[in-house]
Amino acid sequence: MALGSCYSCIKYLMFAFNFLFWLLGCAILGVGIWLRVDPNVAKYVDHADEINIFYTLAYVLMAIGIIIMIIGFLGCCGAIRESKGMLGAFFVLLFIIFAILMGFGIWAALEKDVLKDEVTRKLRSDVKSYYKKATSRKTMDTIQSSFHCCGADNAAMDYAEQMKVPDSCEAEYRDEPCDKVFFDWIAEHLVIVAGVAIAIAIVLILGMIFSMALCCALRDNMA
């Protein structure tokens, strides 16, 4: 009966929430697109299949953003039309996205350790083929120039068996291996994605609470 007495308040709060939810979907879609087209990401990842987790994250975020925009529209319609069926579907969809997001978060956390090894393996491979493959040379020159480092995990020593240390290894940074600084850069971008994921999870929980409250208010209002 208490819920029924504030039925109008819950209804309009639900509508306002879903409008903000729709805007959140737009923001998530924007982050996904940014991660996919950012030239600073592309120049390091385009030729490195081993560390293309960024593109996987980008596509997942774009998909989630589009789905959230659709669900936000569904929630708005359910609130305005006072449809328990639409609100129930809204709740179920939010729960499914929440479960997927939790699973993806666990996967990303586990993948982080694997990714660190892959970064080192990729850098070692490119160092080894530096004077043999143009793509390896371009990748290492870009990383070494941008991050002021040299080689993979043993700095200039990684080039000891080759013709010479590349010019992109600046003299003052030839003792600084690239695997740590490059992985730290990757981790910083993953923090942004993690922050977005946490924001999504909080909003999803609030959405489920609002939808259940409005369903209960509708039931009490009809009683």
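I began with phenylalanine 19 and tryptophan 22, which both sit in helix 2 (residues 7–37), three residues apart, about one turn of the helix. Helices here are DSSP runs of H or I with at least four residues, numbered from the N terminus.

A note on ground rules: this is a predicted model, where local features need pLDDT of at least 70, side-chain atom pairs count only at pLDDT 80 or more, and totals for chains, interfaces and linings use all residues. Residues are numbered from 1 along each chain as its sequence is written, and side-chain values use heavy atoms, with hydrogens and water left out.

**Aromatic pairs**

I looked up the ring pairs and found six aromatic pairs in the structure. The ring centres of phenylalanine 19 and tryptophan 22 are 6.5 Å apart with planes at 20°, so this pair is stacked. The rule I used pairs rings of Phe, Tyr and Trp (its six-membered ring) if their centres lie within 6.5 Å; planes under 30 degrees apart are stacked, over 60 edge-to-face, and the rest tilted.

Phenylalanine 19 is partly exposed at a relative accessible area of 44%, and tryptophan 22 is partly exposed at 33%. For my own reference, buried means under 20% relative accessible area, exposed over 50%, and partly exposed in between (1.4 Å probe, protein chains only).

Next came tyrosine 130 and tyrosine 159: their ring centres are 5.6 Å apart and the planes are at 80°, so I filed the pair as edge-to-face. Tyrosine 130 lies in the loop between helix 5 and helix 6 and tyrosine 159 in the loop between helix 6 and helix 7, so the pair ties together parts 29 residues apart in sequence. Tyrosine 130 is buried at 4%, and tyrosine 159 is buried at 1%. Ring pairs also link Tyr130, Tyr131 and Tyr159 into a cluster.

**Disulfides**

How many disulfides does the rule give? I counted two, taking a disulfide as a pair of cysteine sulfur atoms within 2.5 Å.

Cysteine 149 and cysteine 178 form one of them, with sulfur atoms 2.1 Å apart. The torsion about their S-S bond is about 100°, so that disulfide is right-handed. Cysteine 149 is in the loop between helix 6 and helix 7 and cysteine 178 is in helix 7, so the bond ties together parts 29 residues apart in sequence. Both cysteine 149 and cysteine 178 are buried.

Cysteine 150 is joined to cysteine 169, S to S 2.2 Å, and with 90° about the S-S bond this link is right-handed. Cysteine 150 is buried at 0% relative accessibility, and cysteine 169 is buried at 1%. Counting bonded cysteines along the chain, I noted the pattern 1-4, 2-3.

I stopped at histidine 148, in the loop between helix 6 (134–147) and helix 7 (178–222). Histidine 148 has a positive phi of about 55° although it is not a glycine, and it is partly exposed at 34%.

Which residues line the second largest pocket? I listed Arg124, Val127, Lys128, Tyr131, Lys132, Ala152, Asp153, Met157, Asp158, Glu161, Gln162 and Met163. A pocket is an open set of points on a 1 Å grid over the protein atoms alone, where a 1.4 Å probe fits, with protein on both sides within 12 Å along at least five of seven lines; lining residues have an atom within 4 Å of a point.

How values were computed
Helix = DSSP H or I, 4+ residues; strand = E, 2+ residues; numbered from the N terminus.
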